[in-house]
Amino acid sequence: MFKAILCRLIILWSAFVGCDARAQEVFQRLYINSGEYTAVDSAQFPFSAFNATPQFFPENVRISINAGETLKVRVVNNDSVNHAFQIKDKTTQVGIAPGDSILVTAVFDTGDEVFIYHDPMDYPRLTALGLAGLIHVKSNSNSTFYWNVKEFQKEWATQHALGNPVNWSDYYPDYFTINGRSNPNINNDAVARIVGGVGETLRVVIANTGQSIHSLHFHGYHAEIIYSSENSQHEGRSKDTFPIKPMESLILEIVPDKPGEYPVHDHNLVAVSAGGIYPNGMFLTMLIQ
Amino acid sequence: MRALLCILLICFGTTCLAQDPIQLIGRNTGEKLLSDGNEIRTFGFAQEIGENPGVPGPSLEVIEGDSVVIDFWNISQGAPHTIHLHGLDVDQQNDGVPHLSFEVHHMEHGFYRFKAPHPGTYVYHCHVVSSIHVQAGMFGLLIVRPAVGDNYTWEGGYNYWYESSLLMSEIDTNWHHDSVLLHDYDTNMSHHHVRIPKYKPQHFLINGLAEQQLDDLTIRGVNDGNLYLRLSNIGYFGNRIIFPSGLNARVIDSDGRPLPVEEVTDTLEILPGERYGVLAAPDSAFMDEVIVQYFNLNTGIVLNEQYVNVNIEDAAGIKESSKEVVRIYPNPATSSLTVEVGLQEAEIQIVDSQGRLILETSVTGSESFDIRNLPSGAYILSSRTALGIENHPFIKP
């Protein structure tokens, strides 16, 4: 009798805990801010970003939640022009007037996925101006590094900010960044620079929020594709070079077999430059001890 | 005495195990003839003094598990050069990246050491101001062949009879002027700021060839055997490869690793730095073309197409119409027997008149065997190639 009651209590408790976990909510506030981006060569051009505060910073917020959690995003348009918000492949586009805000709710059931949130209005103009970040749905506690990969054509940024059209068939970007930084500054970003030990499981979450295709080459190690937003048939492949198309996301897993400092860079070798200067582009090193 | 014997054995063993270094020479004085008849200056790799460094450089082949040494001799003034073994996952010292490993200066030798890892298709290239030096021509193919045999993709993989390698790249002639190629370089600086021009290639290459130069490049195969294609992109554009449907192509490996799930397709995109292995299993004879498109990574626009001939022959027809594929001489043979193979490789067996197996090996090209210790008598050399089995009797007097 006592045993039966105990079993029922355990079942009820399990159900309660499960409901609670499903109901777990993560709240994130995003401000649409506009300002100036200062490149590695001190060149400046307009940039807009989703920041956690009303103060402009040229890097979009990274959102990390656990599988099963509900994300509630309050997006505040802190700019003087209309904007919109969308989580690609998850929510619909919602417009936001200057000074107004919206609340977007999305449930993320599956772990090991990456979503891109962005301003889809007049796509790709405002996304190219900088308004795109990533949401990582975690499933484990492995050391994880985040790369928001984005390139810019300096002269076009002004046109984007003014709302002027450009001819995308002439696109020739001249700045190539990870989390808003270029070589050698990417190595100063603890979120981006892969640091780990031999035998450790390391994960890299990558979102291409630019408009070019990038081809990221790892020295020293092969990595396994854990997740591909556009090509699920690529999952499980072990490679050293990873193409990533615009608005695509990947999760890679590396288990280093030896120590060393090894580069990772775009193998479109034009993209390892900034303002036409080599090697100030999409190039960093990973450090394995 | 015993210790001395041990030392001698160790020394002898080491000598026996050591592989001959692969020689590569780096030059800044290459000349390349383009399909439009113009010549441009290139950098590149050669294997002989006096040899024009080609674009691409020589294809290197090593065997899985081998301890490989590349003796890189830089005979070029100006910036140093290195060899990056792209995809081979070598240790930091041998990775060929300036300031993280060593640079090889004018008239210096640099020795790159690694154990050949997974069988597959790799690339080597200079990593000094790589945007310029790769465009200049300092790259080549590196194939790791499986220990189980040349005509296998990897141990437990596929057997194939024919093999073709296509290495894609582009050339922007504006990058091939001295004002670009002969850039400043200060070895003491960890970051060399070098200006690179806008990249607007006019020439789109396969194995360094384009347009009518590709007439001599043909992917050959037969209709009852596998054909293995090694496809690599070392350019700064994307490639889209379109296979004739008759090839029955399927993608089986990438970047030196088998794919967990093969992909049956007639179209394959290869981005800069990637390599793919494609197994074709044609079931009929035909002539067609492989189309290679070059698309801009910023716009997605296809700027150019190149074509490679495909000639799949009827194996039965070849067997009936052709002469023997394998030739042996002299016959009778007293001290040495030479085997010449017209195809890529033949597996051969020598059996005596009692049917006992005397020798089993594979032969590529031409090879001579010492038969002085073979007893006098009649023997049969059996060969197996893509075109079937042949039997060649011979006499040892």
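Visitor: How far apart do the C-alpha centres of domain 2 and domain 3 of chain B lie?
Guide: This is a predicted model, in which local features need pLDDT of at least 70 and side-chain atom pairs count only at pLDDT 80 or more, while totals for chains, interfaces and linings use all residues. Residues are numbered from 1 along each chain as its sequence is written, chains are lettered from A and ligands numbered from 1 in the order in which they are written. Chain B is divided into domain 1 (2–147), domain 2 (174–184 + 201–317) and domain 3 (323–396), with bounds from an automatic or database domain assignment. Between the C-alpha centres of domain 2 and domain 3 of chain B, the separation is 36 Å.

Visitor: What radius of gyration does chain B have?
Guide: The C-alpha trace of chain B spans about 75 × 70 × 40 Å along its principal axes. The radius of gyration is taken over C-alpha atoms, and the globule rule is 2.2 Å times the number of residues to the power 0.38. For 397 residues a compact globule would have a value near 21 Å, which agrees with that of chain B, 24 Å.

Visitor: Which strands stand at the edges of the open six-stranded sheet of chain B?
Guide: Strands (E, at least two residues) and helices (H or I, at least four) are DSSP runs numbered from the N terminus, and two strands pair if DSSP finds at least two bridges between them. The sheet has the order β11-β9-β13-β18-β15-β16 (chain B), with mixed pairing. Each edge strand has a single partner, so one side of it is left without a neighbour in the sheet; the two are β11 (203–206) and β16 (257–264) of chain B.

Visitor: Which element gives the largest share of the side of chain A that touches chain B?
Guide: Two residues are in contact if their C-beta atoms, placed from the backbone, lie within 7 Å; the contact takes 37 residues from chain A and 35 residues from chain B. Among the elements of chain A that give two or more residues are β14 (214–218), β19 (260–266) and β20 (277–278). The largest share, four residues, comes from β19(A).

Visitor: Which residue of β10(B) stands opposite Y278(A)?
Guide: β20(A) and strand β10 (residues 194–195) of chain B pair in the antiparallel sense over two bridges. In β10(B), the residue opposite Y278(A) is V194(B).

Visitor: How many of the seven residues of β19(A) are buried?
Guide: A residue is buried if 20 or more other C-beta atoms lie within 10 Å of its own, exposed if 12 or fewer, and partly exposed in between, with C-beta atoms placed from the backbone. β19(A) runs antiparallel to β14(A), over three bridges, and to strand β21 (residues 283–288) of chain A, over six bridges. β19(A) is largely enclosed by the rest of the structure, because its buried residues number six.

Visitor: Which residue is the bridge partner of I87(A) in β8(A)?
Guide: An open sheet of five strands has the order β3-β9-β8-β5-β6 (chain A), with mixed pairing. Within chain A, strand β5 (residues 83–87) and strand β8 (residues 113–118) pair in the antiparallel sense over two bridges. The partner of I87(A) in β8(A) is Y117(A).
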